[in-house]
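Me: I have a structure open and a few things to ask about it. Can we go through them one by one?

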Amino acid sequence: MTEIKKPSPPTKPDVQESASNTMSSVERLDGRADGHQEVRTAEKSQVDTARAGTAEKSKGSWRQFASPVMFDRLAAKLFWPLMLLALICAAIGLTMGFIVLPPDAVQGNSYRILFLHVPSSWLAMIIYLAMAFWAIIYWVLRTKMAAVMMQALAPTGAIMAAISLLTGSIWGRPTWGTYWVWDARLTSMLLLFFLYLGFIALTRSITQQKRADMAGAILAVVGALNVPIIYFSVVWWNTLHQGASISFQSGVTMHESIFISLLLMTIACWSYCIAVVLARARILVLQREASHRWAQQRYANTLAQQDELERGR
């Protein structure tokens with residue numbers, strides 16, 4: 001009869017060897033995980049470095065404006081000079097328009113509203129055309145900065161359209177006897193204001209960024225057809241709104257002092273709008289590029305500057 005041998009219990013050296021092997025396996029797994037993490041960190045660092053390098057190499061060419069890094073630097077440099085120019089021109093223009101210049105022989109003091117109405121109306125139309133331009137650029141090149149510029153322009157354009165409608169209503173009360181008439185010029189400007197609001201609502205309601213950019217680009221291009229209607233409405237239809245006092249055909253049909261004041265206010269509005277759009281575009285760029293190191297560093301620098309200002313107070 002064969003005797004069955006029971007397995008002998010593991011000795012202490014065997015147990016130590018098994019534990020040692022297990023610890024070695026765990027260390028190897030940890031080492032692999034750390035290695036993969038280091039590889040991912042190195043790859044992300046290389047991408048950020050490549051972005052910065054591409055931005056530096058593209059200096060002096062149009063491609064630099066498609067780089068979020070270069071745009072952020074350029075916008076930061078231009079903001080305060082533009083705001084200073086806007087402040088100086090607005091101070092001089094408003095002083096001339098509302099204090100220095102005498103009342104008009106026909107309209108009295110109500111004509112002074114044109115120093116706000118005309119520049120805001122011009123910019124409301126031009127900004128929407130700029131949105132359509134960046135929409136086409138986005139369709140063709142699929143650049144992130146084109147989509148950013150579309151969304152940065154819309155709120156400023158909406159503000160200019162609102163100012164145009166408000167000041168036009170104030171001017172219309174003593175001139176036409178009412179704040180509002182369904183005139184071709186007024187109605188088309190109101191439509192432009194709604195197009196701005198529609199663009200903002202559309203792009204913010206879509207969670208997927210690329211779909212939001214594409215939908216906004218379509219609305220911007222289609223809505224741009226309304227701008228020529230606004231401009232030529234006083235020519236195509238018999239409207240209450242007066243014709244243009246500044247045109248290529250008839251030149252300038254207003255007094256020189258009024259024209260200078262209007263020109264200063266136009267420069268002020270242009271400078272202000274460009275500065276605000278650049279500042280808003282910087283914020284949008286940082287939001288879209290939040291996962292990249294340069295954007296995180298920019299955000300950290302901003303927080304450090306705010307802390308220094310608070311300490312100084």
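Me: Which residues of helix 7 are buried?

Reply: In this predicted model, helix 7 covers residues 226-236, and its buried residues are Asn226, Val227, Ile230 and Ser233. Seen down the axis of helix 7, these buried residues fall within an arc of 145°, so they line one face of the helix.

Me: And what do the buried residues of helix 7 pack against?

Reply: They pack against helix 3 (114-141), helix 5 (184-205) and helix 6 (209-223).

Me: New topic. How many cavities of 30 Å³ or more are there?

Reply: The structure holds one. The space in the largest cavity is about 30 Å³.

Me: Which residues line the largest cavity?

Reply: Its lining is made up of Pro68, Lys144, Met145, Val148, Val285, Arg288 and Glu289. By class, four of the lining residues are nonpolar, three are charged and none is polar.

Me: Which helix gives the largest share of that lining?

Reply: Helix 4, with three residues. Helix 4 (144-176) and helix 8 (256-288) each supply at least two.

Me: Now the cysteines. How many disulfides are there?

Reply: The count is zero.

Notes: Residues numbered from 1 in each chain as written. Predicted model: local features only at pLDDT ≥ 70, side-chain atom pairs only at ≥ 80, totals over all residues. Heavy atoms only, no water. Buried < 20%, exposed > 50% of the residue type's maximum accessible area, 1.4 Å probe, protein only. Helix = DSSP H or I, 4+ residues; strand = E, 2+ residues; numbered from the N terminus. Arc of directions from axis to C-beta. Contact = heavy atoms within 4.5 Å. 1 Å grid on protein atoms, 1.4 Å probe; cavity = no way out; pocket = protein on both sides within 12 Å on 5 of 7 lines; lining within 4 Å. Points joined across faces, edges and corners; volume = space filled by probe spheres on them. Nonpolar A, V, L, I, M, F, W, Y, C, P; charged D, E, K, R; others polar. Disulfide = S-S within 2.5 Å.
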